[in-house]
Amino acid sequence: MANGNGRVGLRERISQAGDHIRTSQVWSSIFRPGSPFRAGYTDSPRNRSYVIMNNVLYHLHPVKVKRHAVRLSYTLCLGGLSFFLFILLTITGIFLMFYYRPTSPQAYLDIQALATDVAFGQLVRNMHRWGAHLMVLVVFLHMARVFYHGAYKPPREFNWVVGIVLLTLTLLLSFTGYLLPWDQLALWAVTVGSNMGAYAPVIGDQVSFALIGGVQITPDTLLRWYVLHVLFLPFITVVFMAVHFWRVRKDGGISGPL
Amino acid sequence: MAGLPDHLLRRSAEARAKAEGRDVEEVLAELKGEAPPAPQQEAPAPAATPEPAPAPPTAPEPAPAPAPAVSGAAGPARDLNAESASSGVPVPLLQRAMEGRARKEGKPVPAMAGAPAAAAPAAPSQVAPAAAAPAAAAAPAAPPAIPEGVTTQRLLTVVKAGAIQQVKSSPQDKVNVWPHLLAIEFVALMVVTAGLIVFSVFVDAPLLEFANFNEQPNPSKAPWYFLGLQELLSYFDPQVAGVIIPTFGVIGLAVIPYIDKNPSVKPSDRKLAIMVFSFFLFASAVLTIYGSFFRGPGFNFSFPWTDGIFFDF
């Protein structure tokens with residue numbers, strides 16, 4: 001739209017530039033056919049299918065689900081929120097890793113420094129902690145929701161088992177993270193918690209020794225649990241989550257048995 | 001048309017008769033290759049006539065004599081045509097089965113009423129020039145017209161409905177994930193993220209004094225999700241509360257789908273399952289809350305509103 005004096009207006013220029021970008025080879029190589037970001041997208045049933053089918057989301061969702069399953073009150077989004085909180089905790093956790101050293105006095109000092117020396121350090125630490133507690137709660141509620149809907153029945157039995165493994169892993173992730181601030185709360189909560197595991201018959205002492213790296217919690221435990229918390233357990237969890245989601249798509253999840 | 005059951009042959013003949021406007025019996029006779037009332041004269045070898053042409057079979061004309069002399073020690077003669085008519089199994093298959101059984105048991109092949117001549121050991125010394133010739137079956141047990149080492153298969157079979165996977169699905173009330181579900185999910189993620197940020201702005205994560213091995217706080221509590229177990233520790237032996245109960249708890253949860261055989265998902269059909277699960281859910285919630293807020297110094301009972309809360313997240 002030209003303005004009065006025959007020159008091309010700013011809005012027009014921006015719009016043209018946008019069209020130019022959206023029709024470029026780079027842009028259309030990024031967004032697959034059917035993507036709403038692609039030039040010429042129209043809201044058609046075909047494109048609505050393509051949005052999912054031509055997207056990485058196809059790993060998580062089918063093209064269509066039953067109408068009743070979409071109601072918020074049906075799932076309360078608990079499974080999706082568990083996954084989302086895992087991602088959120090990964091992001092905030094990576095942020096915290098930049099400022100944290102898992103050695104004896106330093107760990108505590110680094111946590112203190114988060115509140116004073118690091119921009120948004122305290123906020124991110126808070127989000128990581130509250131998000132972790134929320135994730136335990138959400139995973140637990142997700143399990144209860146699945147039970148009350150009878151969603152563990154054939155053919156989805158095994159995915160329930162995978163879910164129980166994921167619940168256990170979530171607890172372990174939270175528990176290993178609990179020690180890392182290296183304050184009185186962390187030390188003694190973990191002492192009490194891991195003492196319970198040491199009562200296991202036959203292997204209790206060995207498991208306890210391997211987990212806390214000694215007969216009692218020491219600064220060495222800090223490094224051990226740090227590695228478990230930031231690498232080992234997330235890795236295992238991701239593997240089980242992949243299986244969990246895959247089985248949701250194969251055996252049925254939000255949309256009931258396929 | 002060797003080996004086809006009579007009813008299939010008849011159905012085919014009826015269809016053809018209808019299409020060509022001819023008499024059914026006439027077509028049937030033509031399909032069988034001979035005059036209608038001559039079931040003995042069905043062609044003997046299915047493998048020898050792979051072409052399903054209505055022409056007379058290319059196999060040699062069966063000898064009219066059923067060779068009763070062979071039936072010496074081989075048991076009673078069998079009327080395969082009659083058996084075929086009653087069971088629906090084609091004559092050559094019956095014959096082959098009979099011969100196979102005889103060979104396995106080491107007996108001569110029993111005589112057959114209406115059997116083709118190839119089965120009769122007419123000329124054991126005669127060596128056939130062509131492998132495909134029926135006379136090549138010089139040994140009495142060999143099937144007619146099928147050379148040694150050649151296996152033939154019949155592809156004709158009846159597939160019952162429901163015997164294979166049903167791919168047809170009944171129509172359901174479905175909606176597209178985009179935009180209906182993804183929009184909801186996106187809003188849910190945003191709400192949770194916003195809620196978490198706001199909460200984190202106003203409530204700081206706890207950080208007590210530096211870890212001190214020589215000074216155990218009183219009470220010492222595990223993280224909140226283990227407080228139910230810690231509560232149990234004050235009632236039971238550590239072996240029970242710390243090991244057996246959590247182990248059985250996790251295993252018990254995992255095997256729920258294999259114990260609960262009830263296929264229904266309607267709550268009214270699942271009263272027992274829901275009751276049991278709710279009991280454990282409620283019990284763990286009560287234990288956790290009790291351990292969190294009603295346990296004071298020495299892990300003794302205390303009211304949170306009089307003695308204060310001994311609990312940290």
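Buried residues are those with under 20% relative accessible area, exposed residues those with over 50%, and partly exposed residues those in between, with a 1.4 Å probe and protein chains only. The structure is a predicted model, in which local features need pLDDT of at least 70 and side-chain atom pairs count only at pLDDT 80 or more, while totals for chains, interfaces and linings use all residues; side-chain values use heavy atoms, without hydrogens and water. Residues are numbered from 1 along each chain as its sequence is written, and chains are lettered from A in the order in which they are written.

We can start with the salt bridges, defined as a side-chain nitrogen of Lys or Arg within 4 Å of a carboxyl oxygen of Asp or Glu. Eleven salt bridges are found over all chains. In chain B, a network of them links Glu20(B), Arg22(B), Glu26(B) and Glu30(B). Within this group, Arg22(B) is partly exposed at 27% relative accessible area. Its partner Glu20(B), with closest N and O atoms 2.5 Å apart, is partly exposed at 45%. Glu30(B) also bridges to Arg22(B), at 2.8 Å from N to O, and is partly exposed at 34%.

Glu231(B) and Arg295(B) form a salt bridge at 2.7 Å, N to O. This pair joins distant parts of the chain, 64 residues apart: Glu231(B) lies in helix H6 of chain B and Arg295(B) in the loop between H9 and helix H10 (304–307); helices (H or I, at least four residues) and strands (E, at least two) are DSSP runs, numbered from the N terminus. Glu231(B) is buried at 0% relative accessibility, and Arg295(B) is buried at 8%.

Turning to the interface, 76 residues of chain A and 70 residues of chain B take part in the contact, which means heavy atoms within 4.5 Å. The buried area, that is, the accessible area (1.4 Å probe) that two parts lose on being put together, summed over both, is about 6,800 Å², and carbon and sulfur atoms give 72% of it. Two salt bridges cross between the chains. Lys153(A) and Asp260(B) form a salt bridge, with closest N and O atoms 3.3 Å apart. Among the elements giving two or more residues to the chain B side are strand E3 (174–176) and helix H5 (177–202). H5(B) provides the largest share of that side, 17 residues.

Strands meet here too. Strand E1 (residues 64–66) of chain A pairs with E3(B) in the antiparallel sense over three bridges, where pairing requires at least two DSSP bridges. Val65(A) stands opposite Val175(B) in this arrangement.
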